[in-house]
Amino acid sequence: MHSSDMHNAPQTQTRQRWMGVLARAGHALRPFQDALKDTEYRLIRAPEIGMTLVRGRMGGTGEAFNFGEMSVTRCVVRLADGRTGYSYVAGRDKAHAELAALADAHLQGTQQQHWLGTLIEPLAAAQRARRAATAAATATTQVEFFTLVRGED
Amino acid sequence: MYVAVKGGERAIDNAHLLLAKMRRGDTSIPELTVEQVRQQMPLAVARVMSEGSLYDSELAALAIKQAAGDLMEAIFLLRAYRTTLPRFGSSLPLDTTQMLLSRRISATFKDLPGGQLLGPTFDYTHRLLDFALLAEGEHPGPQVDATAQLESCPRVLDLLAAEGLLARERPSAAEVPDMTREPLDFPTSRAQRLQALARGDEGFLLALGYSTQRGYGRNHPFAGEIRIGEVEVWIEPEELGFAVPLGDIEITECEMVNQFVGGKGIEPQFTRGYGLAFGYAERKAMGMALVDRSLRAGEYAEEVEGPAQQEEFVLMHCDNVEAAGFVSHLKLPHYVDFQSELELIRKLRKQAEAPMQAAAQENRA
Amino acid sequence: MTVEHVSHWLQPAFNDPVLDAQVSFRAALKALAEPGLVQGMDRALALDGLQPATYALCLAFLDADTPLWLAPRFDTAAIRANLAFHCGCPIVAEREMALFALLDEPELSDLSAFDNGSERYPDQSCTLLIQLEALDGGSLLRWRGPGIRDVRAVNLPLAAAFWQQRSARSAFPRGLDAFFAAGQQVIGLPRSTRVLFNLEEAA
């Protein structure tokens, strides 16, 4: 499959969404640790800390340029049934990366609905709430201009 | 000539111990935690991340603590650490138009879609010391309407571009140069310059930006738009075959718009300067945008008359790790070098004095 | 190749990526420093057609900055997927572009296209990683040079063609450095080692 086709496939978009939710979850994954690890698995790539070169665009929309690096931790696990789970998460939390990879593997299996309902949706809701709170706080600083009466007439 | 000298080991060890003691200060005062630095000095953390060229707020805070608050030393520490990390590829270019904004202002249009969002800012403060901060206090922030939402904020410069008064920035498929792998070679591309400026010293870029407005380079800028907020970072790992989000980072973006009167076949129009920095770093992003624009002199056939327009001067001196390193090296023992200089000066003095003494004797005679 | 297949091929590499890579790199350095002496190299598992020592050399040496040329025998989906995944090294089709080459014995009869460095940058030559069935059993040759006191007897199972090719590509400081790997063992052969074939040269 071509990478662009792959990118647009609905199952890929679903997976991108949950991987994004997991990448932002951080410590919020800890309470799910026992459930996520309640399976046989091995590390194809043990959690590994590195960095990704972040690119920007000139004027926000133009040609790409290299902006600076960010720390990233990645991990790949394989469950006993052969499913492979991946994670790429900002920061240097190895436990987070391992749990996120495990969750990605679980989410590709027959229990997908279960994991979406118990893990992804609650995390996504918390993340939405945080964003909404940031936006609402910023909204209090929106300037409401009014023009003073001018003296000419 | 360099001669190896030994004997400083004990002195150096003790100097390090004394440094640690100085950093800790009065032990009757609780020790500062890294998390406190991260939470309560976010702007220092942002500067260290930008110029250290590594987005990691915990490490930047640790570096600040270790450097006893010397931000340039902290930047050096972070740069050194980043060289130990393997690189997992490059991100897709950030889509800053989709930022979760915490601040967005424009000096070019009062009423603009999405509005002016001040966010947390030092602007409009009176710069009077707040003695209330000498005591602990609660800072709950403003009354927030939890249901309030932000309108969508299109890019301000797109409004001008739509009128054809400003060139559109278009993506290109060109390979992105990386100065951390390929050393700079002059003349540089704009992509190389922006990478160097993004790591560049805030004070240096600010001063150069200021110089362009005092007449060292023709530049008449307006802050077209400044945005601060969180943006998603995506990477496309080879083994996956599709892109995935890594999480969010906080960035500051500044688009300067500059008047350009036209000439040499180019129509009168506005031109752009772009600044981008990690974290909340408005001054850095503005300085960078000014210098980005001034370094585009060649593109607009402008006369190069100020230091801010000279790419070799700007790019070779904007990195404070390099600058501090070179200046620091002057502290290294130059005992032998200096001995030979000393002898030379004494000899020259003697030669200069000999005729004078002869003349003096003649006068006496 | 679809991505599902890539996932399927991936295997664990080093248990402890940092420590195992350091230990393997150290052993490789020792192999070059003492040419002809067998060094243990047991930190990796075998992968497809790669024996543990060969794979450990790959894992210790290769990264995004080291283009690799693969001999046809090693150009398999599993090896490509795992090297891309664990090392991130670009795999090149032209031998001239390679900084490392992964070879088996039949490839040794023609080394003409591998870069042997320049007078100015002899270090930028291609390093050969050669997998053999065993590190002995060939005719006994005497090696001399840096890292060897007097002379060392080595009986790598190599055809004469290899030695001809090696000397044809040798113009010190230019030349090719090689590692021979079999099972969990490695022997290094730097360009500075002189190999004596007959009595006159020994004299």
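1. Domain 1 of chain B and domain 2 of chain B bury about 1,400 Å² between them, with carbon and sulfur atoms accounting for 56% of that area. On the domain 1 side, the residues that lose the most area to domain 2 of chain B are B:S50, B:Y55 and B:R79, which together make up 41% of what that side buries. The model under discussion is a predicted one.

2. Contact between them involves 14 residues of domain 1 of chain B and 17 residues of domain 2 of chain B.

3. Two salt bridges are found across the interface of domain 1 and domain 2 of chain B. B:R79 forms a salt bridge with B:D319, with 3.0 Å between the closest N and O atoms; B:R79 is also one of the three residues named above for lost area.

4. The largest share, six residues, comes from α3(B). By residue class, the domain 1 side divides into eight nonpolar, two polar and four charged residues.

5. Of the area that chain B buries against chain A, 13% is supplied by B:F88, B:F242 and B:L246, more than by any other three residues.

6. Eight salt bridges are found across the interface of chain B and chain A. In one salt bridge, B:E232 is paired with A:R24, the closest N and O atoms being 2.7 Å apart. The side chain of A:R24 also meets that of B:D248 in a salt bridge, at 2.7 Å from N to O. This second pair joins two chains, because B:D248 lies in strand β5 of chain B and A:R24 in helix α2 (residues 10-25) of chain A. Over all chains, a search of the whole structure finds 40 salt bridges.

7. Between chain B and chain A, 31 residue pairs are in polar contact, both residues being at pLDDT 80 or more.

8. Strand β1 (residues 41-57) of chain A and strand β2 (residues 87-90) of chain B run parallel and are joined by two bridges. Within this pairing, A:M51 has B:R87 in β2(B) as its bridge partner.

9. The contact between chain A and chain C takes eleven residues from chain A and ten residues from chain C. The area buried between these chains is about 890 Å², of which carbon and sulfur atoms give 51%. The salt-bridge count between chain A and chain C is zero, whereas five residue pairs are in polar contact, with both residues at pLDDT 80 or more. On the side of chain A that touches chain C, the elements giving two or more residues are β1, β2 (64-79) and β3 (84-90) of chain A. The largest share of that side, four residues, comes from β1(A). The residues of the side divide into six nonpolar, one polar and four charged.

10. Chain C contains an open sheet of six strands in the order β1-β8-β7-β4-β3-β2, with mixed pairing. β1 (39-40) and β2 (68-70) of chain C stand at the edges with a single partner strand each, so one side of each is left without a neighbour in the sheet. Strands β7 (residues 177-182) and β8 (residues 185-189) of chain C run antiparallel and are joined by five bridges. C:A181 has C:V186 in β8(C) as its bridge partner.

Notes: Residues numbered from 1 in each chain as written. Chains lettered and ligands numbered in written order. Predicted model: local features only at pLDDT ≥ 70, side-chain atom pairs only at ≥ 80, totals over all residues. Heavy atoms only, no water. Buried area = accessible area lost by both parts, 1.4 Å probe. Salt bridge = Lys/Arg side-chain N within 4 Å of Asp/Glu carboxyl O. Polar contact = N/O pair within 3.5 Å; in protein donor to acceptor, adjacent residues only side chain to side chain. Pairing = 2+ DSSP bridges. Contact = heavy atoms within 4.5 Å. Nonpolar A, V, L, I, M, F, W, Y, C, P; charged D, E, K, R; others polar.
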